[in-house]
Structure formats: C-alpha cells, structure tokens
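Let's take a friendly walk over the surface of this protein. We will look at a nonpolar patch and then at some charged pairs.

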Amino acid sequence: MKKDFSAKAYRNDLKEKGVFHTDSKLAEIIKSYGKDRPKNVYDPTCGVGTLLSVFDDDIPKYGQELTEDYLDVARKTLKNFTGEVGDTLKNPAFMDKRFDLIVANYPFSIKWEPDKEDVRFRDWVDVPPPSKADYAFIMHMMYLLADDGICVSLNFPGILYRKAREGKIRKELVERGYVKEVIQVPGGYFEDTNIETVILVLSKAEFKGSIKFVNLEENLERDVPVDEVAESDYNLSVSTYVQKEIEVEEIDPVELRDAIRNSFLQHVNGSLGIEFYLVEAFGDDEEKLELLRFYQRVLDVVEKHILNLKEQEKSPGTDQSTRT
C-alpha cells in the first residue's frame, strides 16, 4: 500500500513524532543567524529538507532522517545533497565530518536511551534524562560542529529553565562559552501549532563574555554579561533579561476629578431626562411627586457628605483610621 504523502499527512505524521513542520519563513530566520556562505551545512533531523532548501545549490548539504520516504523527497528536491536514513541519536551518520553550519528543528522533548559511553556525551557533566532528548540533540550537534562553525537550532522553551540534569548541562554549555545568542520566537510560524519557540545560536568560537538575548516580537535585545546569567542560576529565558519598559502616564488629580464629575453629570442628566419623560408620558401627579422626593433624598445625601467634610477640616488632628 502506497504511503499517503500529502502535505497534510506529512505534517500530521511529524506532529505525532513531536516535530512541527518548519515554515519557509522560519527557515529563512534560522538561516539569518548562521553564515552567509558556509562551506557546508548539516541538518541532523532533516525531514523533507525544508531548512536546507534555503541555501544555494552550490553549497554542500548533509542530512539524516528517520523516515526514508521523507529523505527521498529531500534527495529529489535538494541540489548538492547527501542524506542518510537512521536514528540520529542511536546510529548517527557523518561522525567523521565536521560542519561549518548546522541548522535544526529536532523533535521536542522525545524519549531516548542515554549512553554515557557515547563519544558525543561522555565529556559532559551529565547526559540528558531518558524522558527528554533535547540536550542530546544539542550535544550531538556540538560534537559535529567545526571549531569555527555555527549551530542554529529551534528549541522548546523549557530547555532554557528546566533543572536537574538539563540544568547541569545548560550551565556547562554557558561556562564553555558556547551560547552566543538566545532568540525568543513568537507563535504563529507553524501551521499545526501556535507554540512559542526559541532559537539557540551556539559556537565554539572565542567567547566575548556576554550572551545576546533577543525578543523578536517586541524587537528588543540586550547583551547580558555571563556573570548575570550565573546569578540567575543559568536561566536562559529571554524574559528574564529583556523586558519591555512600561510607560507610566502621569495623572493630574484635578483633571481626573473633573473627568469623573463630568461623566457623573452626563449620566445623571441622561437618567433624569428618561425618568421625566416616562413620568410625564405615563405617570400621574403622585408619581411626579415621588420622583421629586427621590431626588431630594439624593441631594440630602450629598449635603450630608459635604457637612462631614467640613467637620473633618475643623478637626485636623483626628485619626483618619477611626472616621466613619
């Protein structure tokens, strides 16, 4: 039976695996944080090759994909492409190569089988937990990254603040100077979910002592010293370091009072007009008198409050908390 390979079926299949279809606009954004003309480019979970498709035909492209049908599409549509079928974490291809640029939208927080003796993971403080493979993909990419290369990956925001093993690995990632930029990406870039994501820009190149945090939605960015990141327990959430300033409008109390009074008078005037119309049109003399008596009671209440205020002015030493 031939596999259904419509665009919708492809996205649904990816979603079941914890992957969301990468929009071409998002692929261009990811590309913009890498090199303009990389010597080669690699995607460890390439799918049908969307992330690789935004690069020029003369740039060598490499990718690994678990599903052979998807890799066949990449092979047919991409120029200068070498693809391998297989599980990137269990049976990685291209282990003898080093890449100038790595781009990825790996499956978020899937289960995996850790192997502490694997050459890609054994030099780190710990291995990621079996329940979440996010940092396993990141460590895999850093292993295959050239010394002067750049890795740009799309990630689930939880990797920025989750603790335990992931917290230890994130701390080491920062302390090694690999984290260069953290970009908060708003929802709306995936057809199948409105999930917010985060782009990590990683490199083994010389560390400048600070990490750039970017909020794409608000067009805000800030270079944060690594010492400040350490003080925040190596939390890499963009909102921890980049926040939109709230403009506090100065309020003129006299203008505010006048506005409240005018609003009240307009309301009373409108209500009076309606009531007098109804009484005049449908009421008798007794109802007219009752309406007058009601508003006289309103005036009496106002007068009472005014008299209370005058009494308070005469006794400035009175404890405000005991007034009724």
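In this predicted model, F294, V298, V302 and I306 make a nonpolar surface patch of about 310 Å². One of these residues, V298, lies in helix 9, which covers residues 285–314. The relative accessible area of V298 is 35%, so V298 counts as partly exposed, between the limits of 20% and 50%.

Now for the charged side chains. The salt bridges in the model come to eleven, and the table lists some of them.

| Pair | Closest N to O distance | Relative accessible area |
|---|---|---|
| R75 and D72 | 3.2 Å | R75 38%, D72 28% |
| R222 and E228 | 2.7 Å | R222 32%, E228 24% |

Where do R75 and D72 lie? Both are in helix 3 (residues 68–77), three residues apart, which is about one turn of the helix.

How exposed are the residues of the remaining pair, R222 and E228? R222 is partly exposed at 32%, and E228 is partly exposed too, at 24%.

Conventions. Residues numbered from 1 in each chain as written. Predicted model: local features only at pLDDT ≥ 70, side-chain atom pairs only at ≥ 80, totals over all residues. Heavy atoms only, no water. Patch = residues over 30% accessible without salt bridge, like charges linked within 9 Å, V, L, I, M, F, W, Y side chains within 5 Å. Areas by Shrake-Rupley, 256 points an atom, 1.4 Å probe, with all protein chains shown as cover. Salt bridge = Lys/Arg side-chain N within 4 Å of Asp/Glu carboxyl O. Helix = DSSP H or I, 4+ residues; strand = E, 2+ residues; numbered from the N terminus. Buried < 20%, exposed > 50% of the residue type's maximum accessible area, 1.4 Å probe, protein only.
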